[in-house]
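Let's work through a few exercises on salt bridges together. Have the model open beside you and try each task before reading its solution.

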Amino acid sequence: TYGIWADTNGDDGPPVVGEASISLATACYGVKAINGNSGHDESDVLYVAFTGEEALPGPRTKWDAKDFKEFEDSIEEVGNRLIKRLK
């Protein structure tokens, strides 16, 4: 699953976790399981973050996507390219 690690309201103090974390968790575990007061407690999730110009969302990113699948599809090319850098 690809997502963009971001925070739309700036630095609101530690822990520095952006809104994307809740969006990704909701996509993986469902809206009934994830909200601002309840999350996924298991230690079975790994975030891999990339930095630099190559990690920026591309022009094909659908910020106005109707659902998570459409958004993820729009960033898949960038995600696949970044994952290939891992050895």
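The exercises below look at charged side-chain pairs and their surroundings.

This is a predicted model, in which local features need pLDDT of at least 70 and side-chain atom pairs count only at pLDDT 80 or more, while totals for chains, interfaces and linings use all residues. Residues are numbered from 1 along each chain as its sequence is written, and side-chain values use heavy atoms, with hydrogens and water left out.

**Exercise 1.** Find how many salt bridges the whole structure holds.

*Solution.* Start with the criterion: a side-chain nitrogen of Lys or Arg within 4 Å of a carboxyl oxygen of Asp or Glu. Searching the whole structure then gives 4 salt bridges.

**Exercise 2.** Work out which parts of the chain the pair Glu-54 and Arg-85 ties together.

*Solution.* First, check the contact: the N to O distance is 2.6 Å, a salt bridge. Helices here are DSSP runs (H or I, at least four residues), numbered from the N terminus.

**Exercise 3.** Describe the pair Lys-69 and Asp-73, including the accessibility of each partner.

*Solution.* Begin with the distance: this salt bridge spans 2.8 Å, N to O. Both residues belong to helix H2, 4 residues apart, which means a separation of about one helical turn. Finally, Lys-69 is exposed at 52% relative accessible area, whereas Asp-73 is partly exposed at 39% (exposed: over 50%; buried: under 20%; partly exposed: in between; 1.4 Å probe, protein chains only).

How values were computed
Helix = DSSP H or I, 4+ residues; strand = E, 2+ residues; numbered from the N terminus.
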